[in-house]
Amino acid sequence: MRVAAWALGGMMLVAGTTAGIGWWRYTMPGPLLESRAIVIPHGGYASTVAALQQADALQSTQLDRAVFLAALRLTRHDGQIHAAELAFPAHASIRTLLDVLRHGKPVLHPLTIPEGLTASQILTIVNAAPFLTGHVEALEEGTVLPETYRSLRETDRTALIARMQEAMQREVERVWQGRDTALILTTPQQLVILASVVEKETGIASERPRIARVFLNRLARGMKLQSDPTTIYALTKGVTPLGRPLTHADLAVASPYNTYVSAGLPPTPICAPGTAALEAVTHPATGDDLYFVASGNGEHRFAVSLDDHNRNVRALRAIRGTNGESHPTDQKPAQ
């Protein structure tokens, strides 16, 4: 009886010690040095353990593997674990690992499309994103809404582009429905085209409605828009930067995009305009301005008449100290 009691006590001691070690390993901080996203693949518990160990989120020992699998079974009432890319905190314990595996939200990767990019530039960004799959060959100009999009890893690039285009369609429809009743544009496509020109002309928010007013005034009078960005697009199609100043010869290039030669709007947008540019066109400033010239600090000076515009040009040339030299588009020809 004494031997049996001693043996039973020994077994209980070993069991208690084993349980204590298991609990300690279950709750102790893990080896992950900093928070990181880990892709948990499909394939069962073994692949989950392997992914965690390869990412140094779980010690690569038989003990930690056994404790993890035992804890997984003992806590199965807490829910199923998921195959996804999940964010794990630094030094996550086995208990924390299981909580993230069951309740963590999949990682969403941001991809930002800035305002004013051309279709070619947008395709470069989308096709270079390492967390996306597939390849997009072509994109229509001005069909993507500039903003930040968040996607799961392995999202198809074509599907993401479709999301961007749907967002643009919704935004254009919203802005178009709220347009000023006196707006002379007749279609949402005309809105996007003119907004793309405004987007390229200035990055200053307060100037956009006034620049939109200049172009709308010129359209109403049958004047050519004479917008430098449209001429640049005529030369590059938005594929590469021009890389040099415009010349007098450039202004004479025969192209429907060159608004120094062709009347009216360009045939398509010249970039992807943002919401602010769309709003500027549908709610332009008031006034009779027909001209503007860059002041050299990102802003513009506006004028109602060609004489006033030329005075602005001369004053700016004096400030710049260019000895009478000017950009070929500084002095607009009379219409």
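## A quick tour of helices, loops and rings

With a relative accessibility of 36%, G178 counts as partly exposed; that label covers the range between buried, under 20% relative accessible area, and exposed, over 50% (1.4 Å probe, protein chains only). The model you are looking at is predicted, so local features need pLDDT of at least 70 and side-chain atom pairs count only at pLDDT 80 or more, while totals for chains, interfaces and linings use all residues. Residues are numbered from 1 along each chain as its sequence is written, and side-chain values use heavy atoms, leaving out hydrogens and water.

**Around helix α6**

- G178 sits in the loop between α6 and α7 (188–201); helices (H or I, at least four residues) and strands (E, at least two) are DSSP runs numbered from the N terminus.
- Although G178 and T282 are 104 residues apart along the chain, their C-alpha atoms are separated by 7.6 Å.
- R157 belongs to helix α6, which covers residues 157–177.
- Which side chain of opposite charge is nearest to R157? It is D156, 7.2 Å away, and R157 is buried without a salt bridge (a side-chain nitrogen of Lys or Arg within 4 Å of a carboxyl oxygen of Asp or Glu).
- For charge, Lys and Arg count as positive and Asp and Glu as negative, while His and the chain ends are not counted.
- Leaving aside neighbours within four places in sequence, R157 is in contact with several residues, including V126, L132, H135 and V136; contact means heavy atoms within 4.5 Å.

- Helix α2 (residues 45–54) has buried residues S47, T48, V49, A51, L52 and Q53.
- Those buried residues pack against β1 (36–39), α3 (62–74), β2 and α4.
- After α2 comes D56, with a positive phi near 60 degrees.
- The 13 residues of α8 should span 18 Å at 1.5 Å a residue, and this agrees with its end C-alpha atoms being 18 Å apart; the expected span is 1.5 Å times one less than the number of residues.
- Among the buried residues of α8 are R208, I211, F215 and R218.
- The buried residues of α8 pack against α7, α11 (275–282), β7 (291–294) and β8 (300–303).
- After α8 comes G222, whose phi is positive, near 75 degrees.

**Positive phi in loops**

- Most residues other than glycine have a negative phi.
- H91, in the loop between β2 (85–88) and α4 (94–103), has a positive phi near 55 degrees.
- H91 counts as partly exposed because its relative accessibility is 41%.
- Q226, in the loop between α8 (208–220) and α9 (228–236), has a positive phi near 50 degrees.
- Q226 counts as buried because its relative accessibility is 3%.

**Rings and charges**

- How many aromatic pairs are there? The count comes to three, where rings of Phe, Tyr and Trp (its six-membered ring) pair if their centres lie within 6.5 Å, with planes under 30 degrees apart called stacked, over 60 edge-to-face and the rest tilted.
- Y233 and Y257 form a tilted pair, because their centres are 4.9 Å apart and their planes lie at 55 degrees.
- Both Y233 and Y257 are buried.
- F292 and F302 also form a tilted pair, 5.9 Å centre to centre with 50 degrees between the planes.
- F292 lies in strand β7 and F302 in strand β8, ten residues apart.
- Ring pairs join F215, F292 and F302 into a cluster.
- The charged end of R179 sits over the ring of W176, 3.9 Å from its centre (NZ of Lys or CZ of Arg within 6 Å of the ring centre and within 35 degrees of the ring normal).
- The charged end of R218 sits over the ring of Y291, 5.3 Å from its centre.
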